[in-house]
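Please look at the sequence and the 3D structure below before reading on. The report then describes selected features in plain terms.

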Amino acid sequence: MACCVDGLDDTNEGRKPVTTTSAEPTRRDFLYIATASVGAVGVAAALVPLIAAMNPDASTIAAGAPIEVDLGPIAEGQVIKVFWRGKPIFVSHRTKKEIEEARSVNLASLPDPQPDDKRVKEGKPQWQVLIGICTHLGCIPIAHSGQYNGYFCPCHGSVYDTSGRIRSGPAPTNLPLPPYEFVSDSKIRIG
Amino acid sequence: MSGHSTYQPQNAFMKWMERRLPIAGLIHSSFVAYPTPRNLNYWWTFGGILTFLLGMQIVTGIILVMHYTPHADMAFNSVEHIMRDVNYGWLLRYLHSNGASMFFVAVYIHMFRGMYYGSYKEPREVLWILGVILYLLMMATGFLGYTLPWGQMSFWGATVITNFFSAIPVVGESVVTWLWGGYSVGNPTLQRFFSLHYLLPFVIVGLVVLHVWALHVVGQNNPTGIEPKSAKDTVPFTPYATVKDAFFMMCFCVVFAWFVFYMPNYLGHADNYIPANPAVTPLHIVPEWYYLPFYAILRAIPNKLMGVVALGGSIVILAFLPWLDTSKVRSANYRPLFRQFFWIFVLVCLGLGWLGAKPAEGGYVIAARILTIYYFAHFIIILPLLGWIEKTKPLPNSISESILKEGLPAGGSGPAPTVSKH
């Protein structure tokens with residue numbers, strides 16, 4: 001059988017070969033590429049809703065609306081904790097001594113150099129508002145503790161000063177500031 | 001090792017079935033007639049124990065889910081409801097939570113056994129790598145499950161672990177927000193963790209099938225580390241391995257039951273009986289015991305990104321073990337130097353585990369740094385060098401020669417299907 005088929009092929013010169021080589025693209029090549037392209041676009045389009053559905057939903061975003069905090073009851077030297085977007089926000093009424101300590105630091109010696117007056121609103125050095133989440137792995141630091149009498153994170157030992165700047169430990173950056181503004185002299189809006 | 005099945009269907013139905021779906025033949029050739037080295041010791045029983053534990057975790061888990069509520073406001077109370085109201089709920093939950101610990105006890109023994117006897121070496125590299133992936137999946141599943149009771153350790157463990165991803169440059173914060181489904185760990189986080197905690201065990205089951213398949217292609221390693229050469233070197237899986245596995249599984253279950261019935265909370269943390277409070281971080285936050293060595297490595301490094309990279313690297317490096325160990329001899333029984341370094345490595349891992357539970361300060365941090373360096377040096381320096389400088393002991397000619405010390409004419413050339421020649 002095999003020999004006969006071979007013989008048949010040999011004698012059939014001029015007949016079209018069964019498969020084409022690279023010379024001419026065929027309709028099948030076109031179909032392969034077109035199908036694969038449409039399929040790839042389909043997969044990419046399907047990924048968009050799948051990934052987006054895991055991002056914060058509308059109710060979570062709505063619950064993250066700005067909040068107002070009355071500063072009146074916060075005594076000098078007191079740090080209060082409020083929640084915005086599920087994050088603890090420290091509102092610190094700093095004493096003269098704490099401001100002094102924060103401003104007398106040699107900036108070059110800091111891991112994340114930032115002057116204290118850039119971390120408070122102008123003319124309000126006594127009010128400091130920080131996101132109270134350790135920049136290492138997200139624990140909540142404890143106020144009025146640690147070597148610099150600022151904040152100390154119990155999880156992995158990061159130490160922040162009275163301006164919330166990282167001084168020692170594994171945290172890479174200073175405690176971040178939330179977006180906020182003074183609505184009046186004794187009220188702020190966070191968010 | 002594989003060969004054709006010797007399975008002979010006994011009745012008409014099985015004959016009918018075998019021609020259509022030869023599953024009985026597959027089981028017979030894999031778990032009955034399968035030739036297993038005759039010198040396997042009890043360290044080889046942990047694969048079976050792990051399979052049993054996986055099944056037990058799935059069964060107890062499925063029933064626990066019938067009573068659990070995955071919602072931030074209700075999860076904690078639903079777990080207490082399981083403990084107090086559900087018939088045998090206390091037992092199911094303690095079996096499940098202690099089962100996770102036992103799972104890790106068994107997997108660590110299984111892994112150290114593989115390291116001691118060189119089970120990862122050619123041709124078992126893929127088998128070993130599948131095992132490393134399984135271990136990673138186990139860690140993920142254990143972590144996700146620990147979040148579900150929504151106690152203080154659940155909440156803060158979830159916060160710390162998900163924050164690992166915030167170390168990624170540029171996109172870290174967006175990735176973490178995406179993982180949380182919010183701006184902090186909260187109800188959306190708990191619900192997706194529950195979904196994934198239910199999913200992953202079945203992914204593990206699938207990979208276990210691949211793991212066992214790969215094992216049955218290359219065959220089991222054995223304490224001598226040399227391949228079986230004749231039928232005299234092996235025994236059929238059933239009854240020999242079956243009864244040995246089953247016997248030791250029962251011994252293991254005695255220990256398991258001792259934990260479940262007499263000290264069910266010993267391996268947990270009292271803090272997890274306090275409902276999750278996003279305002280207060282527990283003063284001493286520690287992961288479950290089975291993650292402690294890696295936690296110590298994370299804390300040993302005074303840089304966030306590098307700490308996370310080292311933690312990941314300490315696990316990923318296991319996948320490269322088949323190529324980092326340059327020795328041609330598999331079993332530590334014939335590698336006097338490696339055997340000493342192996343036990344040092346075991347002690348280093350235990351030391352890191354102990355340090356992981358200690359506060360990150362003073363001497364503990366220094367010790368953790370030294371042990372972290374040694375951990376990596378074991379893989380990157382010691383193992384490659386040992387292959388070159390170590391003088392190994394002579395290997396026996398065959399498995400049967402190694403156990404029949406009288407010196408029977410072991411191994412030889414041809415196959416020896418019968419021993420009735422004498």
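Predicted model: local features only at pLDDT ≥ 70, side-chain atom pairs only at ≥ 80, totals over all residues.

Residues are numbered from 1 along each chain as its sequence is written, chains are lettered from A and ligands numbered from 1 in the order in which they are written, and side-chain values use heavy atoms, with hydrogens and water left out.

**The interface**

The size of an interface is often given as the accessible area lost when the parts come together. Chain B and chain A bury about 2,200 Å² between them, and 63% of this lies on carbon and sulfur atoms. Buried area here is the accessible area (1.4 Å probe) that two parts lose on being put together, summed over both. Of the area that chain B buries against chain A, 34% is supplied by B:Trp178, B:Tyr183 and B:Lys304, more than by any other three residues.

In the contact (heavy atoms within 4.5 Å), 29 residues come from chain B and 26 residues from chain A. There are 11 residue pairs in polar contact across the interface, both residues at pLDDT 80 or more. A polar contact is a pair of N or O atoms within 3.5 Å; within protein, one must be able to donate a hydrogen and the other to accept it, and residues adjacent in sequence count only if both atoms are side-chain atoms. Between chain B and chain A there are zero salt bridges, a salt bridge being a side-chain nitrogen of Lys or Arg within 4 Å of a carboxyl oxygen of Asp or Glu.

Buried means under 20% relative accessible area (1.4 Å probe, protein chains only). Helices (H or I, at least four residues) and strands (E, at least two) are DSSP runs, numbered from the N terminus.

| Residue | Relative accessibility |
|---|---|
| B:Thr372 | 5%, buried |
| B:Thr45 | 1%, buried |

B:Thr372 is part of helix 15 (residues 362-389) of chain B. Its side chain reaches the backbone oxygen of B:Ala368 at 2.6 Å. Not counting residues up to four places away in sequence, B:Thr372 touches B:Ile297, B:Ala300 and B:Leu352.

B:Thr45 sits in the loop between strand 1 (35-37) and helix 3 (46-65) of chain B. Leaving aside neighbours within four places in sequence, B:Thr45 is in contact with B:Lys244, B:Asp245 and B:Phe248.

**Domains of chain A**

Chain A is assigned domain 1 (22-55) and domain 2 (62-190), with bounds from an automatic or database domain assignment. The C-alpha centres of these domains of chain A lie 50 Å apart.

Definitions and conventions
Buried < 20%, exposed > 50% of the residue type's maximum accessible area, 1.4 Å probe, protein only.
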